[in-house]
Structure formats: C-alpha cells, structure tokens
Amino acid sequence: VTRQLALRIAIGVLTLAGIGIASYLTVIHFSSGSLYCPVGGGCETVQKSPESKLLGVPVAALGLASYLIVFATVFLRDQRALLLAATLALVGIAFSGWLLYVMLVRIDAVCAWCVGNDIVALLLAPLALTRYLSEEPAPA
Amino acid sequence: MSGRSAKRRRREAALAAAQRPKRSRRLPSSSVRASDRNARRRRQLLLSVGAAVVIAGVLIGISLARGGSGSAKFTGLKGKAAVIARFKGIPQQGLALGNPKAPVTVEEFADFQCPYCGEWARGALPVLVRKYVLPGKLRIVFRGQDFLDQNFGTSDSERLLRLALAAARQNRLWQVVDLIYTNQGSEGSHWGSEALIRAVANAVPGLDAARALSERDSTWVSDQISAAATRFQSTPPNPTDGNRGTPTFLVGRTGAHMDTIYPTGGGAASELAALAAVIDPLLK
C-alpha cells in the first residue's frame, strides 16, 4: 500500500508540474503575450516554430490535455484507466524526445520550459508503467 | 468387530484421501488467478506500447510535415549575389541604410508576408538605392511589422523580423531584409521556415550567423518590434479607408517633420513614383 501510495503521489506531483508548464505555454500562445524565458533565451524561437503546432493545435495544449487525463487516473484503480495513463505517458516520452531533437538540432535553440516538460515526461513514463503493472484491482 | 472397524478406517482414509486432493486443487487457484492477471497485464502493456509507437509515429509524421499546415517547402536561396552587390559599400547603422547625414530620411513600415512590400522591395528599392542612397542623398530606416501573423495564424512575419533585427545589431539588416523579400512566398503559406532563416543568415557576408540566430530572442529585438509597432500605430491612418496598411512610408528632411505616404496598391512603379514625388522636392 505504501509503495502504491508513493507511486500515486509521485505521478500526481509530476503531472501537476506538467500541467503547470503546459498551461503557461498554452495561455501565452493564445494570448500572444511574451514568454518569460528563465534560461537559454530560445523560448520564443521554439514557441514560434512551425513544429510548435500540430494541425494548427499548439503541442502545449495537447500536452496539457494529456497531463490532465493522467492526473485524473491518480485517483482511480481501474485497470483500463491505468493502461490509458501508461499509453499516454509512453506517447508523451516518444513525442517529447522528437521535439527535443527538433529543438536542439533543427531549430538550434534551447527552450527551458520545453526541457522541463521533457524531464517530466521522462520521469512519468516509468512510474505510470510501474503503477499499471503493480496496482491491485479495486475490490468489487 | 475388528474387521468392521478396519473397514471403517479404510473408508475414512479413502474419504480423507478423496477430500485431500480437492483441497489441494483449491489452494493454488488464487495464485493462478494472479498469474493470469499478470499475464493479461503484460499482454495489454505490449499492446499499449504498440499503440503508443503508432500514435507517436503519426504525431511525429505530422510534425515532420511542419505542423501539417500545407507549408511551402524551402528549396534553396535565390538572389544572393544581386543582394550582396546592391548593398556593397553602403553604410548601415542598426535599422538605417545610407549616409547618416543624408538630407532626407524615409521610414518604411513593412511586413515580410505582405506581397505589396515584396513587390516594393524587389521592384522599387533597388532603384531607390541606386538613385538616392548610393549618392548619399537618402537614408532609409526599416520599421518591420508582424501584424499579418494574426491575420493568417502564422508566426512567419515575427520569426523573419527577429532575424532581420538580430542582423541589425551587426549592421547587416538590409541584406537580410532584401534576401527575405527576394525569396518571399505567398501570404499565410508558412514559407518563412527555419531552413530559409538559416540560409539567409549564412548568406550575408560579414554577418556572424550563429550570433544573429541566437540573438533573435534578445530583449533588444523584442523592444524593437514593440517600438516599430507603436510607431506604426502613431502614423495617421489612410484617409481613403481609415486603415493602416503596408508598405507605408514616412518621408521628410532628416530630423524634421515627416509626411506619410500610403500604399498605392499600384505596384512597385507606382509606390516609387509616389515616394520620388516627395523626395525630389526635398532635395532641391
């Protein structure tokens, strides 16, 4: 129980961090405000790049939706919900890896918010997988 | 008696034996269920990994197509030699091209996605440079705008403008501006790719491309964008339609009052004639 609780707390904290980052980037995108860039100075360049959108939807908004779903599963023990969270976390880590490559190689700029999101995605995926494999089903 | 009790003992032993296996079959059933469950989880997890790979592959594919927005593909930079030759030997100071003590100054308000600005840059600017700037009579200041990004839901105007302004810090803005307009695509078609931006930065002699690319997000560049937008908004709107369009020009004696020349919409020759009609009398 302690291990499961620790997993839930860790997933909850990480997804809240992800929600914070993705919310900020999404709000800035739709408000056309200027982006605070704590380190690197390449946040605007990355956020204005064509790769920052998918079919017109900001990738930050997609990330936000994904984090919200995974966060909701923290309160559930249903196996299908945990499987969905694990799948989303896997998609997240793969797509974040691609965006990291685009940022560093194709755009050649560093967006600290994006790196923060990559770290969250990297930590979240193994935790979501572990939880899916180890969580006991809810009692009937 | 002993025969009966022996029979009874045998019957009881047989009964106990019959019951024992039943109990032993029941005992592992929960661990079998757990093992089935774990196997099912692993199978589902494999399916989940497969689904994640497919979904991520689709997302990356769309991203590779540059946002799936039907963007124009950069196929190579045009006009490099002509642009380099055009500005050779002409002094630049930040946003300004030409002799700082030139008697007349023109301020140009233009957006990189604006087709009329492109026509002006390709058709009228070379004449203006040859006729007025080279002899030291005219100084031109570039006040880049990015409002067309809002109209088309793009970021091209701003991203291109950021490179031009970063180049201004190395007094190479005008080569960048001219190369961008030489390679201009149609409005809203996402032609201002990172590949084009890098090609332009690398094509300008004397420009430290790496520095310019890294300074695109600098505070100085952001401040210039805001200042140019504010200055454009301070110009009187076109009396014919009440709007501010590009290219718009402010023309006047250097340091004195400036008149506003609105876009004529009649092409480069028409814009040039409108400008020359104001510049020529100021030079007399």
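Two strands count as paired if DSSP finds at least two bridges between them; helices (H or I, at least four residues) and strands (E, at least two) are DSSP runs, numbered from the N terminus. With that in hand, welcome to a predicted model, in which local features need pLDDT of at least 70, side-chain atom pairs count only at pLDDT 80 or more, and totals for chains, interfaces and linings use all residues. Residues are numbered from 1 along each chain as its sequence is written, chains are lettered from A and ligands numbered from 1 in the order in which they are written, and side-chain values use heavy atoms, leaving out hydrogens and water.

**The sheet of chain B**
- Strands β2 (residues 96-97) and β4 (residues 138-145) of chain B run antiparallel and are joined by 2 bridges.
- Ala96(B) has Val141(B) in β4(B) as its bridge partner.
- Helix α4 (residues 115-133) of chain B packs on the sheet and touches β2, β3 (104-111), β4 and β5 (248-253) of chain B, where contact means heavy atoms within 4.5 Å.
- The direction of helix α4 of chain B makes about 160° with that of β4(B); axes are lines fitted to C-alpha atoms, for helices over the stretch in contact, and angles run from 0 to 180 degrees between N-to-C directions.

**The cysteines**
- Cys37(A) and Cys43(A) form a disulfide (a pair of cysteine sulfur atoms within 2.5 Å), with their sulfur atoms 2.0 Å apart.
- Their link, Cys37(A) to Cys43(A), is right-handed, with 70° about the S-S bond.
- Cys43(A) is buried at 0% relative accessible area, whereas Cys37(A) is partly exposed at 22%; buried means under 20%, exposed over 50%, and partly exposed in between (1.4 Å probe, protein chains only).
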